[in-house]
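Here are my notes on the model, as numbered points. Please read them with the structure open.

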Amino acid sequence: MAARRSSSGHRDREKAPRRSRNGEREPALPKTRQEIVNGPSEKKKGLFRVKSAGESGRSGIHPLKFLAITWRSSNWVSRMVNILWPFVPAAIALHWAIEDHAVLKFSLAYVAMVPCANLIGFAGQELARKLPHMFGVLTEITIASIVEIILFMILLFHDEYYVIQAAILGSILANMLLCLGLCFFAAGLRREESTFHAAVSEVGSNLLLIAGLGLAIPTVFERSVTNSGFNLTTEEISTRVLHISRIIAVLLIIAYAVFIFFQMHTHHGIYDELYELDEARDADGHKDRAKEKYTFTECILALAVAVALVTLIAIALVGEIPAIVENHNISDPFMGLILVPLVEKAAEHLTAIDEAWDNQINFALSHCIGATIQTAMLNAPLVAIVGWIAKRQMALEFEIFDIVMLILAIITVGNVLRDQKSDYLEGFLCVVVYVAIAVAAFYFPNPHEAAGTETTGETTEVTVHAMRHFGIIQ
C-alpha cells in the first residue's frame with residue numbers, strides 16, 4: 001500500500017505545474033501538436049479555425065483592398081496573368097455579337113479563360129489558408145477543378161463526347177507530366193535536390209495506377225469484343241460498354257471517398273506534419289504572412305465572380321470547337337488531349353510551380369498528384385454519371401493511343417517518384433515526354449477522316465467505331 005501511495009504521489013507531482021525559482025507557476029508542457037501550434041490556451045475547434053498565415057485582420061468586403069489584393073495575386077507570374085483581364089469582356093461580347101470569325105472568337109475565349117482560372121485558384125488558395133492543413137489542401141484542389149468540371153459539363157451537353165474523353169486523359173497527363181515536370185524543374189533551379197514525403201508520392205502513385213486501370217477497362221473490353229468475332233451487333237457492344245463505364249464510374253467515386261477518409265480522418269496526422277514542415281521551410285513565408293489577404297466573405301465573392309465568368313467563357317469556347325476542328329486543321333485528339341486541359345489547369349499549374357520554387361515541394365506534389373487523382377476518380381466518373389442521369393451516351397471509352405499513353409505515363413511518374421527525391425533533370429525529362437505526346441496528338445487523325453474509308457455496300461469497322469465516338473450511332 002505504501003508503495004502504491006508513493007507511486008501515486010509521484011504521478012501527482014508530475015501532473016502538477018512546476019514552480020519557478022521566484023515561486024511563480026510555470027505553464028504545463030504541451031501534450032499535443034495542436035497545443036504546440038496554437039498554445040495551451042487556444043484550443044480552437046471546427047473546420048473554420050483561421051490559421052495565422054490566413055488571417056486578414058478584417059471582416060466583410062472592402063472594395064478597394066479587394067481589388068488591390070486580387071491584382072497582386074499570389075506571385076509575380078499570377079500578377080502577369082492579370083494583365084489578360086481585358087480579354088474577358090472582349091471574348092464574352094464578341095461571342096454574342098458576331099456569328100463568323102471562329103478562330104478569333106476561340107482565341108479570345110481561350111486567352112480569357114486564363115485570368116478567370118487564375119482568380120479561382122487564388123481565391124481557393126486564400127480560403128485554404130483559413131482552414132486546417134489537410135482540409136485546406138483538399139479544398140484548394142477541389143476549387144481549382146471547378147474550371148474543369150464546368151468545361152466537361154458544357155461539352156457533355158453539346159454532345160462533344162470525343163473531346164471530353166480526350167480531355168479527361170489530357171488533364172491527367174498535363175498534371176502528371178507537364179505540371180510535375182515544371183515543379184521539379186523550378187525547384188531544381190534553386191536547390192540541388194528536393195526531397196518529399198512518401199505519404200504523398202507512394203499513395204499517389206498507387207492510386208493513379210488503380211485509376212488508370214479502371215479507366216482502361218471499358219476500352220479494353222470494347223476492343224476485345226469487337227476484334228474477337230463475337231456474334232454481337234455494334235449497338236449491343238456499345239450498350240455493354242456504356243453499362244460497364246457507369247458501374248466503374250460509381251466504383252471510382254467510392255474509392256475516391258475512401259481515399260479522402262484516409263487523408264482526413266485516419267491518417268491526417270501524417271499529412272498535417274509534412275505540410276507543417278513545408279510551411280516551416282517556405283522560402284517566402286515571411287512575405288506571405290506580411291501581405292494583405294482576403295476576408296472569408298471576399299474569398300466567396302471572388303469565387304462567385306470567377307465561376308460565373310468561367311461558365312460564360314466556357315460556353316463561348318466550346319461553341320467554337322466544331323468550326324475549329326472542321327475548318328482549320330486542328331484535330332479532335334489535339335483539341336481534347338492538349339488544348340482544353342492546358343487552359344483548364346492553368347490555375348493549378350501556376351500555384352504548384354510557385355510552391356515548388358519556394359521549397360514547398362510536398363504542397364506542390366499534393367496539387368499535381370491530388371488534382372490528377374481527383375480528375376481520374378471524381379471528375380471523369382462524375383461526367384459519366386451526369387450523362388447517365390441526363391440520358392446522354394457518355395462512356396469512359398478512349399482511343400487506344402490515349403489509354404496506352406496514360407498507362408505509360410503513370411508508370412513513368414511512379415518510377416520518378418520512387419526515390420522521394422527530385423532535381424531539374426527529372427523535371428525536364430517529364431516535360432519532354434509531355435511535348436512528345438502533344439506532337440503525336442497533333443498528327444493523330446480525326447475520326448471523320450477514318451470514317452471516309454468505306455467499302456462498297458458496307459461500312460468498315462473503323463467507320464462504325466468513329467461514328468460511335470461522334471454519337472451518330474449508339
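1. Helices here are DSSP runs (H or I, at least four residues), strands are E runs of at least two, and both are numbered from the N terminus. The patch consists of Ile247, Val250, Leu251, Ile254, Val258, Trp388 and Ile389. Together they have about 720 Å² of accessible area. Helix α11 gives the largest share, five residues. Patch members have over 30% relative accessible area and no salt bridge; nonpolar side chains (Val, Leu, Ile, Met, Phe, Trp, Tyr) are joined within 5 Å, and like charges within 9 Å. Areas come from the Shrake-Rupley method with a 1.4 Å probe, and for residues only the protein chains shown count as cover.

2. The model is predicted: local features need pLDDT of at least 70, side-chain atom pairs count only at pLDDT 80 or more, and totals for chains, interfaces and linings use all residues. Residues are numbered from 1 along each chain as its sequence is written, and side-chain values use heavy atoms, with hydrogens and water left out.

3. Valine 258 counts as exposed because its relative accessibility is 53%. The classes are buried (under 20% relative accessible area), exposed (over 50%) and partly exposed (in between), with a 1.4 Å probe and protein chains only.

4. Now the interior. In soluble globular proteins, nonpolar side chains tend to be buried together. The largest nonpolar core here has 118 residues. Helix α9 (residues 161-190) contributes the largest share of this core, 17 residues. A core is a set of buried Ala, Val, Leu, Ile, Met, Phe, Trp, Tyr and Cys residues joined through side-chain atoms within 4.5 Å. Met113, Ile168 and Met335 are among the residues with the most contacts inside it.

5. What does methionine 335 contact, leaving aside its neighbours within four places in sequence? The partners are Phe106, Val163, Ile321, Ile324, Val325, Ile330, Val340 and Pro341. Contact means heavy atoms within 4.5 Å.

6. There are eight salt bridges, each a side-chain nitrogen of Lys or Arg within 4 Å of a carboxyl oxygen of Asp or Glu. One joins lysine 65 to glutamate 292, with the closest N and O atoms 3.3 Å apart. Lysine 65 is in helix α3 (residues 63-72) and glutamate 292 in the loop between α13 (285-290) and α14 (296-319), so the pair ties together parts 227 residues apart in sequence. Lysine 65 is partly exposed at 35%; glutamate 292 is partly exposed at 36%.

7. Arginine 223 deserves a look. Its side chain meets that of glutamate 222 in a salt bridge (3.0 Å, N to O). Arginine 223 also forms a salt bridge with glutamate 399, at 3.7 Å between the closest N and O atoms. This second pair links helix α10 (residues 198-227) with the loop between α18 and α19, 176 residues apart. Glutamate 399 is buried at 12% relative accessibility, and glutamate 222 is buried at 2%. Arginine 223 is partly exposed at 21%.

8. Please check two backbone angles. Most residues other than glycine have a negative phi. Asparagine 359 has a positive phi, near 70 degrees, and is found in the loop between α17 (346-357) and α18. Glutamine 420 has a positive phi near 60 degrees. Its loop runs between α19 (400-417) and β2 (421-422).
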